[in-house]
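Here are my notes for you, colleague to colleague. Have the structure open while you read, and look up each place as it comes along.

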Amino acid sequence: MKFFESKGFILKKAAFLIVIAGVLWGGMGIFVRTLSPWGLSSLQITFIRCIVTSVLLILYLLITDRNALRIKLRDIWIFLGSGILSILFFSVCYSSAIVLSSMPVAAVLLYTAPAMVTVMAAIFFREKLTAQKIAALVAAFAGCVLVSGIGTDTRLTAAGFLTGLGAGFGYALYSIFGKVALKKYSVMTVTTYTFTVAAVAAMPFANIPQILQASVENELGWLVVLLTGVVTGVIPYVLYTQGLKNTEASIASIVASVEPLTATVLGVTLYQDRLSFGNVMGIVCIIGAIIILAIKIPKKAK
């Protein structure tokens with residue numbers, strides 16, 4: 001039993017949970033490709049994910065643990081940060097970056113997030129900036145660049161660059177605000193309030209009647225809406241937040257880089273997207289980054 005309670009086992013379990021979360025996030029493209037033809041915007045798809053996640057988690061806690069819904073009013077700023085500055089801000093910036101530049105460029109700029117998390121975690125949480133982390137960070141970012149297929153035909157404007165960096169910054173903030181919140185509240189409380197705040201903030205701009213109409217008019221509409229929230233919201237964010245609780249924010253952010261890897265594999269498998277040599281090397285780099293973090297280096301070697 002001591003093995004299962006050891007620090008090493010807990011860290012491996014945390015990394016596993018984060019990997020599963022990243023894989024599920026990588027499947028977001030399936031739902032976007034389903035919902036977009038219905039005439040729904042990126043903001044509306046984000047709202048669907050937020051509101052479904054919020055409602056399901058609130059119902060779950062009302063049945064199982066109502067005390068988890070209690071928070072102190074002075075801590076509301078944490079959830080305003082994780083809900084609005086992170087979830088909503090990064091979603092809007094990411095969508096804008098795709099329009100102003102391209103999907104590959106937006107994806108690469110989004111995955112500047114691990115570097116931002118590493119720096120902010122060193123400043124706010126005094127996490128050590130080791131050679132092992134830096135090597136994994138470089139490998140993960142290189143992998144994201146290669147997987148995205150970014151090349152010489154890339155178009156990049158100042159607005160596209162800034163919104164892309166904004167997406168990365170917002171994405172990084174979830175790990176930071178989440179780490180702060182987990183010092184006071186449970187994983188379920190943090191995830192529930194983050195998505196509730198995000199849903200409330202997005203509601204005035206979501207055009208709910210259009211979402212309802214699309215859900216009714218399209219085959220299996222309500223099922224797709226429900227699965228969007230469950231598969232890309234409830235499950236991955238609960239798993240990631242649980243993993244974040246037991247590992248450093250910088251490591252969690254790097255491990256989550258399996259998201260673009262998953263998106264690439266799904267694109268090839270389900271939509272016959274081309275897989276170039278660069279894509280393959282990118283996948284190798286991302287897997288390599290996770291292996292680097294998994295290697296246990298003796299203290300003397302460090």
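1. Start with a pair of helices. H4 and H12 cross in a right-handed way, where right-handed means that the near helix is turned clockwise from the far one by less than a right angle, and left-handed means anticlockwise. Helices here are DSSP runs of H or I with at least four residues, numbered from the N terminus. Before going on, keep in mind that this is a predicted model, in which local features need pLDDT of at least 70 and side-chain atom pairs count only at pLDDT 80 or more, while totals for chains, interfaces and linings use all residues. Residues are numbered from 1 along each chain as its sequence is written, and side-chain values use heavy atoms, with hydrogens and water left out.

2. For H4 (residues 42-64) and H12 (residues 221-245), the angle is about 70° and the axes are 8 Å apart. The axes are lines fitted to C-alpha atoms over the stretch in contact, and angles run from 0 to 180 degrees between N-to-C directions. H4 and H12 are therefore roughly perpendicular, a label that covers 65 to 115 degrees (under 35 is roughly parallel, over 145 roughly antiparallel, and the rest oblique).

3. Now see who meets whom. From H4, the residues include Arg49, Val52 and Leu56, and among their partners in H12 are Gly229, Thr232 and Tyr237. Contact means heavy atoms within 4.5 Å.

4. Stay in H12 and find Thr232. Is Thr232 buried or exposed? Thr232 has 0% relative accessibility, so it counts as buried (buried is under 20% relative accessible area, exposed is over 50%, partly exposed is in between, with a 1.4 Å probe and protein chains only). A polar atom of its side chain lies 2.4 Å from the backbone oxygen of Thr228. Setting aside neighbours within four places in sequence, Thr232 is in contact with residues including Trp25, Phe31 and Arg49.

5. Next, look at H9. Its 24 residues should span 34 Å at 1.5 Å a residue, and the end C-alpha atoms are 34 Å apart, which agrees; the expected span is 1.5 Å times one less than the number of residues. Of those 24 residues, 17 are buried, so H9 is largely enclosed by the rest of the structure.

6. Tyr174 sits in H9 (residues 158-181) and is buried, at 4% relative accessible area. Which side chain does Tyr174 join in a polar contact? The partner is Thr241, at 2.7 Å. A polar contact is a pair of N or O atoms within 3.5 Å; within protein, one must be able to donate a hydrogen and the other to accept it, and residues adjacent in sequence count only if both atoms are side-chain atoms.

7. Ala199, in H10 (residues 187-202), is buried with 1% relative accessible area. Ala199 touches Phe47, Cys50 and Ile51, not counting residues up to four places away.

8. Finish with the loops. Arg126 lies between H7 and H8, has a positive phi near 60° and is exposed at 75%. Asn207, between H10 and H11, has a positive phi of about 50° and is partly exposed at 40%.

Technical notes
Helix = DSSP H or I, 4+ residues; strand = E, 2+ residues; numbered from the N terminus.
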